[in-house]
Structure formats: C-alpha cells, structure tokens
Amino acid sequence: MKRRLVGKIVIITGAGSGIGLAATTEFLKEGAYVIGGDINLEQLYTLQGEGYLLPYQFDVRNLSDIDGLINTVISKFGRIDILINNAALVKPRKGFLDVTDDDWYSTIEINLLGYIRMARSVLPYMSNQKKGILLHIASEAALMPNLNLPDYSILKSSILTLSKVISREFGKYGIRSNVVSPAFIHTPIYDKPEGLITQLKQKYKVGCEEALQRYVEEVDIAVGRLGRPEEVTALLLFLVSESAAFITGANYLVDGGVTPFI
Ligand SMILES: NC(=O)c1ccc[n+]([C@@H]2O[C@H](COP(=O)([O-])OP(=O)(O)OC[C@H]3O[C@@H](n4cnc5c(N)ncnc54)[C@H](O)[C@@H]3O)[C@@H](O)[C@H]2O)c1
C-alpha cells in the first residue's frame, strides 16, 4: 500500500506516551520524518529503527527548549509540514475551590502556553512555505466540563478558540488548524501507579478489569469500552491528508459516543 506521508516533517509533542506515542508510530509507518518531543524519551527509543524518528528531549514549559527543537528541525530539514500539539497535564482536583494559583499557573503553562508557543514557533515557517497543518489535542472536557478537572476543562476549552483564531488568520497562507478531542482513551493516564485504575479499584473494591467495566458503565460510554490510542491516530491521519483540504477551524470528538449533546 502507498505510504501517505513520505518525506513530511512532523513535530509531535508528548510523543513519549499514550496518544502521542501511537501517533508517532503510525506517522512513521506512513513514511513521515517524526520529531518526537517529550520530557521522557524512554518509550520513544523503543521505536527507533521503525522509520525516520528523531526523539527530542524537551519541556514545553521552557521557551529555550522549544527554540532548540525548532532550530534543530529547521537546520536539518529547512521546513515544518505538520505540528501535533499533544503534551498536556491532567491533575484531578476536589473542585473549583481546590485549585490554587500555583495549580492554575502550572496547568496554564503546559496545557495552554505550551500549545500557543509551539504554534507561534512553527507558523512563521509554515507561512513562508505557504503550506502547513496544525492539529491540537483537546478533550471532551472542552465541551462537557469535568468538575474534578476544572482547570484542565477550562484550558482545553481555550484550545478550541486558539485553533479557530489560527485557522482564520492563517488560512490565506495555506495553513489549516483543527482540534481533535479524545475522551476515555486507554493510555498510561489510566495505568500509572497514581492513575485512574488505582483510584477505581479502591472506589469499587474490585480488580482492574471489573473496575474498568464499572467505570465505562458509570460514565456511560455508548460504545461500551474505553477507546484505543490508534483510534485517535486514525482521525489525525485523515486530517493531515489531502482529503481534508477543505477542513479547518473544526473540532472532532473521538469519544465512543459519551458526549450526550448534538
Ligand atoms: N487519554 C485520554 O482519555 C484523554 C482524554 C481526553 C484528552 N486527552 C488528551 O490527549 C493528550 C495525550 O494524553 P495521553 O492520554 O496520551 O497522556 P500521556 O500521559 O500518556 O502522555 C502525555 C505525554 O506528554 C508528556 N509531557 C507532559 N508534560 C510535558 C512537558 N511539559 N513537556 C514535554 N512533554 C510533556 C509526558 O511525558 C507524556 O509522554 C493530552 O493532551 C490529553 O489532555 C487524553
């Protein structure tokens, strides 16, 4: 089968785990040159040899790290075709009043400023090229606020506006900007020691499998299971394809039918 992204220069933030790692895997299979940026490169190294991958250690909170990544990409390839803004922080809170100024600053720094700074860094190059694609990973919480994630929900919501602003201003330069909003995707967010599965096991007092099934029923996922990272990646691949040339400023849910509104 013809590989769809041969020679494309793709930057993915948060490429070292979950959705970012799955996207890196699939984009490599399609022949893209992927610059996978993350604080932690351990998992990315396991993909080396799978295609044209450059694991790049960086922190989206650090402007000089972002500059370093962009300068490396430009000096090596001279252009940037696709940016996937994906690295984000998820921290459960007890409620709105539980979120301190420090909490707000730390979520803003990664989940909003990180996306803004990455976009601001690639847009001048894409504008000169008269071509470029930005995809921003938001969340169903952008539309259906999660009361245990007040700061996360508010900042994910702002990503919809960020993408819309970019799509409106930079459309004339051949740049498209869209949002993909996943929900309930089984990634290390669930599996890590302090992750959701541990909390669910304690809550329901059952084992891992049953705890997950009860959770799926409780949150009422229409498809009846959690999603897989590859199911998000399939949409990303479509949105960077020529078939999506008329799609910009949009937000797509990949949520197993969990959001109850139209
Ligand atoms: N998994 C879900 O159910 C779900 C649901 C809705 C939205 N999302 C969104 O999808 C995206 C990916 O989530 P995931 O589930 O794959 O998470 P994950 O925790 O598996 O992966 C996130 C990656 O981002 C990296 N990262 C975190 N902070 C960083 C920083 N400051 N600089 C550089 N890298 C950093 C982490 O090291 C990690 O590799 C996030 O934007 C998240 O909000 C996920």
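Figure 1. The model shown here and in the following views is predicted. The residues of H8 that are buried are Ala 211, Leu 212, Tyr 215 and Val 216. Around the helix axis they span an arc of only 140 degrees, and therefore they lie on the same side of H8. In general, an α-helix has 3.6 residues a turn, so residues three or four places apart point the same way. Glu 209 and Glu 217 are exposed and sit on the face of H8 turned away from its buried side.

**Figure 2. Length and end of helix H8.** The twelve residues of H8 should span 16 Å at 1.5 Å a residue, and the distance of 17 Å between its end C-alpha atoms agrees with this. After H8 comes Asp 220, which has a positive phi, near 65 degrees.

**Figure 3. Crossing of helices H7 and H8.** Helix H7 comprises residues 196-204 and helix H8 residues 208-219; their axes come within 9 Å and cross at roughly 90 degrees. Because of this angle, H7 is roughly perpendicular to H8. On the H7 side, the contact is formed by Leu 196, Ile 197, Leu 200, Lys 201, Lys 203 and Tyr 204. H8 contributes Cys 208, Ala 211, Leu 212, Arg 214, Tyr 215 and Glu 218. Of the residues in the contact of H7 with H8, eight are nonpolar and four are charged, while no polar residue takes part.

Figure 4. Ala 22 belongs to helix H1 (residues 18-29). Its relative accessibility is 9%, and so Ala 22 counts as buried, the cut-off being under 20%. When residues up to four places away in sequence are not counted, Ala 22 touches Pro 229, Glu 230 and Thr 233. Helix H9 (residues 229-239) has as its buried residues Pro 229, Val 232, Thr 233, Leu 235, Leu 236, Leu 237 and Leu 239. Between Ala 22 and Val 73, which are 51 residues apart in sequence, the C-alpha to C-alpha distance is 21 Å.

Figure 5. Leu 123 is part of helix H4, which covers residues 101-129. With a relative accessible area of 7%, Leu 123 is buried. Not counting residues up to four places away in sequence, Leu 123 touches Leu 134, Ile 166, Phe 170 and Ile 175. Leu 134 is eleven residues from Leu 123 in sequence, and their C-alpha atoms are 9.1 Å apart in space.

Figure 6. Helix H3 (residues 63-77) contains Ile 70. Ile 70 counts as buried because its relative accessibility is 4%. Apart from its neighbours within four places in sequence, Ile 70 is in contact with Ile 11, Ile 80, Met 118, Ser 121, Val 122 and Tyr 125. A separation of 12 Å lies between the C-alpha atoms of Ile 70 and Ile 12, which are 58 residues apart along the chain.

Notes:
Residues are numbered from 1 along each chain as its sequence is written. This is a predicted model: local features need pLDDT of at least 70, side-chain atom pairs count only at pLDDT 80 or more; totals for chains, interfaces and linings use all residues. Side-chain values use heavy atoms; hydrogens and water are left out. Axes are lines fitted to C-alpha atoms, for helices over the stretch in contact, and angles run from 0 to 180 degrees between N-to-C directions. Helices (H or I, at least four residues) and strands (E, at least two) are DSSP runs, numbered from the N terminus. Angles under 35 degrees count as roughly parallel, over 145 as roughly antiparallel, 65 to 115 as roughly perpendicular and the rest as oblique. Contact means heavy atoms within 4.5 Å. Ala, Val, Leu, Ile, Met, Phe, Trp, Tyr, Cys and Pro count as nonpolar, Asp, Glu, Lys and Arg as charged, and the others, Gly among them, as polar. The expected span of a helix is 1.5 Å times one less than its number of residues. Buried means under 20% relative accessible area, exposed over 50%, partly exposed in between (1.4 Å probe, protein chains only). The arc is that of the directions from the helix axis to the C-beta atoms.
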